[in-house]
Amino acid sequence: MSLLIGKHIYSVLTSDKDVSNIVGERVFPPAIPEGTEHPFVVFKDINVAGEYSKDGWVGDTTQVTVMCVADKYESAADLAENVRIALEQSKKQYDGYTIGSAELKKSADTYENGVYVIVLSFEFETF
């Protein structure tokens, strides 16, 4: 269930008007197609940890890294803010699992290979 978080992230970010106005559908898992134009979003490093009680599984904590990439810092910052808002408001029920919450745990920014990258680390509660 929590292993499907990538599908949730893709759906939320491509359907959010503030994010899609900046990147369109350029939201990718770890592999970025060659020649992709900036700006875009990449999500990776999905790390799922199960939570258990003596009665069994009660949910998961899932950590995900989301990278916002743009040619200009201002564009990367605007994109990162919109991504944060979209994901933190993305509680959703799916067949077989629920996204209960999403929290930004830390962020960092860098300049690599001629582009600005703002890295957002999220923690999702799923059950």
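**Close-up A. Pro30 in its loop.** Pro30 sits in the loop between strand 1 and strand 2. Helices (H or I, at least four residues) and strands (E, at least two) are DSSP runs, numbered from the N terminus. The model is predicted: local features need pLDDT of at least 70, side-chain atom pairs count only at pLDDT 80 or more, and totals for chains, interfaces and linings use all residues. Residues are numbered from 1 along each chain as its sequence is written, and side-chain values use heavy atoms, with hydrogens and water left out. Pro30 counts as exposed, at 59% relative accessibility. Buried means under 20% relative accessible area, exposed over 50%, and partly exposed in between (1.4 Å probe, protein chains only). Leaving aside neighbours within four places in sequence, Pro30 is in contact with Val42, Phe43 and Lys44. Contact means heavy atoms within 4.5 Å. Pro30 and Ser101 are 71 residues apart along the chain, and their C-alpha atoms are separated by 23 Å.

Close-up B. Six strands form an open sheet with mixed pairing, in the order 1-2-3-6-5-4. Two strands pair if DSSP finds at least two bridges between them. Strand 1 (27-28) and strand 4 (92-94) are the edge strands, each pairing on one side only. Strand 1 pairs with strand 2 in the parallel sense, over 2 bridges. Here Phe28 has Val42 of strand 2 as its bridge partner.

**Close-up C. Strand 3 and its two partners.** Strand 3 is largely enclosed by the rest of the structure, because 11 of its 15 residues are buried. Strand 2 and strand 3 form a hairpin, with 2 residues between them. Their pairing is antiparallel and runs over 12 bridges. Gly50 stands opposite Asp60 of strand 3. Phe43 stands opposite Val66, also in strand 3. Strand 3 also pairs with strand 6 in the antiparallel sense, over 11 bridges. In that pairing, Gln63 stands opposite Glu123 of strand 6.

**Close-up D. The largest nonpolar core.** This core has 27 residues, of which Leu13, Val66, Val83, Leu87 and Phe124 touch the most other members. Two or more residues each come from helix 1 (5-15), helix 2 (17-23), strand 2 (40-53), strand 3, helix 3 (73-88), strand 5 (97-112) and strand 6 (115-126). Helix 3 gives the largest share, 6 residues. A nonpolar core is a set of buried Ala, Val, Leu, Ile, Met, Phe, Trp, Tyr and Cys residues joined through side-chain atoms within 4.5 Å. In soluble globular proteins, nonpolar side chains tend to be buried together. Beyond its neighbours within four places in sequence, Leu13 is in contact with Val19, Ser20, Val27, Val41, Val83, Ala86 and Leu87. Another core, of 7 residues, lies apart from the largest one; Val42, Met67, Val69 and Val117 are among its members.

**Close-up E. A nonpolar surface patch.** Tyr52, Trp57 and Phe127 form this patch on the surface, with about 370 Å² of accessible area together. Patches are made of residues with over 30% relative accessible area and no salt bridge; like charges are joined within 9 Å, nonpolar side chains (Val, Leu, Ile, Met, Phe, Trp, Tyr) within 5 Å. A salt bridge is a side-chain nitrogen of Lys or Arg within 4 Å of a carboxyl oxygen of Asp or Glu. Accessible areas come from the Shrake-Rupley method with a 1.4 Å probe; for residues, only the protein chains shown count as cover. Trp57 lies in strand 3 (residues 56-70). Trp57 is partly exposed, at a relative accessible area of 36%.
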